[in-house]
Amino acid sequence: MKNNSSLKGLLIAVVVFIIAFGIYFLFLAKKNYYVVDNPTPNTYYYKINNGSEGIVAAGQFVHVDLNKGKNSIKVFDQNKKLLYDSAFEVNKIRGLINIAHQDYYVNDQYYGYNLKKDSLLLALDKTMIDGKAYYGGARHFNKLYTEDFYYNVDEDYDKVIKNIQQVESRSKIFRKQDYLNYYKEYYKF
């Protein structure tokens, strides 16, 4: 067989391409999943879609599998007494089940060049939490299910997002106390 440099070049390109995708999917790709979250001091038991019983302890979260479309959940207290039986609609690839109907806040963090963070936050709506105004327009949430965010409660914002030619935002859902801690640390007014 002849020494074919075009074939060698093609094989090297294919191998590099496969390695690049492997690195991306193993280390860089954002995982999509659903979370049952419990920020309270109580323990809850639950059954999703009449499946096996799950438990979420005080202050914990659990990754769960949900079907696109209509899902049902039964929630029990620590004595396994039924608290409620409800249904919710899943349309996206990540979401949060607020099993205890606690307060959460969805906050947008802005990225980009020439970003004037303080003036941008002052231009957005204020959110009232415990009688105090917080800048940035965080959206309050306390229903059973939401999927209107990019980062879940167990994820952090990216430190740097590259290749942004304009101002963009990423949203993250916070437990109430976590949002207050984040706000105090991140924003200096």
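Which residue lies over the face of Y150, at 5.5 Å from the ring centre?

**View 1. Two arginines at the ring of Y150 in the predicted model.** The residue in question is R170, which lies over the face of Y150 at 5.5 Å from the ring centre. R94 also takes part, with its charged end sitting over the ring of Y150, 4.9 Å from the centre of that ring.

**View 2. The aromatic cluster that includes Y150.** Y150 belongs to one aromatic cluster that is formed together with Y105, Y134, Y151, Y157, F174, Y179, Y182, Y183 and Y186. In the structure as a whole there are 12 aromatic pairs.

**View 3. The tilted pair of Y157 and F174.**

**View 4. The buried and exposed faces of helix 3.** Helix 3 (residues 176-186) has Y179, L180, Y182 and Y183 as its buried residues. Viewed down the axis of helix 3, these buried residues fall within an arc of 165°, and they therefore line one face of the helix. The buried residues of helix 3 pack against strand 8 (104-111), strand 9 (126-129), strand 10 (132-135) and strand 13, while the face turned away from the buried side carries the exposed residues K184 and E185.

Key
Residues numbered from 1 in each chain as written. Predicted model: local features only at pLDDT ≥ 70, side-chain atom pairs only at ≥ 80, totals over all residues. Heavy atoms only, no water. Phe/Tyr/Trp six-rings, centres within 6.5 Å; stacked < 30°, edge-to-face > 60°. Lys NZ or Arg CZ within 6 Å of the ring centre and 35° of its normal. Buried < 20%, exposed > 50% of the residue type's maximum accessible area, 1.4 Å probe, protein only. Helix = DSSP H or I, 4+ residues; strand = E, 2+ residues; numbered from the N terminus. Arc of directions from axis to C-beta. Contact = heavy atoms within 4.5 Å.
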